[in-house]
Each structure stands twice: as C-alpha cells, then as structure tokens.
Amino acid sequence: MEAEERQRLKDLHYMRCPKCGAALVAIAYRGIELDKCSSCQGVWLDCGELEQLGVAEGGLLGGLLKIFR
Ligand SMILES: [Zn+2]
C-alpha cells in the first residue's frame with residue numbers, strides 16, 4: 001500500500017515544477033543536468049547537484065549549503 005502511494009505520487013509529480021506544476025525540462029549547466037521549469041523558469045537541483053556546481057565553502061552558496069546539511 002505504501003509502495004503504491006509512493007508510486008502514485010511519483011507519477012503525479014515527476015518532472016513537474018513544485019511551484020507552478022508545469023513540466024520541467026533538463027538543461028545542461030557547467031556539465032550538470034539541472035531541471036528548469038518551462039513556465040516560471042525556476043531551476044531545481046537534485047540531490048548532490050549543488051555540491052557539483054563547485055560551490056566554495058564560505059561563499060554565498062557555501063552558506064546556503066550549510067542550511068541543507
Ligand atoms: Zn514553475
């Protein structure tokens with residue numbers, strides 16, 4: 001039952017923008033595949049992609065990383 005519910009939610013939300021629900025399209029940025037919304041232009045990162053962007057500890061994005069750890 002729980003597996004069915006997880007699959008149902010995945011089918012419903014996979015590659016959909018969490019803000020507006022429009023389809024996400026994969027874009028290449030610095031060799032990393034990011035998901036960009038086709039409607040609101042938001043960009044979403046999968047697990048580990050923020051680190052892959054080569055974020056320097058202590059910089060603005062380094063500070064952001066600490067929030068998520
Ligand atoms: Zn969107």
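The following questions and answers cover the zinc site, the sheet and the cysteines of a predicted model.

Residues are numbered from 1 along each chain as its sequence is written. In this predicted model local features need pLDDT of at least 70 and side-chain atom pairs count only at pLDDT 80 or more, while totals for chains, interfaces and linings use all residues; side-chain values use heavy atoms, with hydrogens and water left out.

Visitor: In what order do the elements of the protein run from the N terminus on?
Guide: Helices (H or I, at least four residues) and strands (E, at least two) are DSSP runs, numbered from the N terminus. The protein has three helices and three strands. From the N terminus on, their order is α-β-β-β-α-α.

Visitor: Which residues coordinate the zinc ion?
Guide: Donors are N, O and S atoms within 2.8 Å of the metal (3.2 Å for Na, K and Ca); water is not among the atoms, so sites may look incomplete. Here the donor residues are spaced C-x2-C-x16-C-x2-C in sequence. The SG atoms lie at 2.3 to 2.4 Å and belong to Cys 17, Cys 20, Cys 37 and Cys 40.

Visitor: What arrangement do the four donor atoms make around the zinc ion?
Guide: Four donors count as tetrahedral if all angles lie between 85 and 135 degrees. Around this zinc ion the angles are 98 to 124°, so the arrangement is tetrahedral.

Visitor: How many residues apart in sequence are the parts that Cys 17 and Cys 37 tie together?
Guide: Both cysteines are donors to the zinc ion. Cys 17 lies in the loop between helix H1 (2-13) and strand S1 (24-29), whereas Cys 37 is in strand S2 (residues 32-37), so the pair ties together parts separated in sequence by 20 residues.

Visitor: Is Cys 37 buried or exposed?
Guide: Buried means under 20% relative accessible area, exposed over 50%, and partly exposed in between (1.4 Å probe, protein chains only). Cys 20 is partly exposed at 42%, and Cys 47 is exposed at 82%. Cys 37 has 1% relative accessibility and therefore counts as buried.

Visitor: How many disulfides does the count come to?
Guide: A disulfide is a pair of cysteine sulfur atoms within 2.5 Å. By this rule the count is zero.

Visitor: Which strands stand at the edges of the sheet?
Guide: Two strands pair if DSSP finds at least two bridges between them. The three strands form an open antiparallel sheet in the order S1-S2-S3. Each edge strand has a single partner, so one side is left without a neighbour in the sheet; these strands are S1 and S3 (43-44).

How values were computed
Four donors count as tetrahedral if all angles lie between 85 and 135 degrees; four count as square planar and six as octahedral if opposite donors are over 155 degrees apart and all others between 65 and 115; anything else is irregular.
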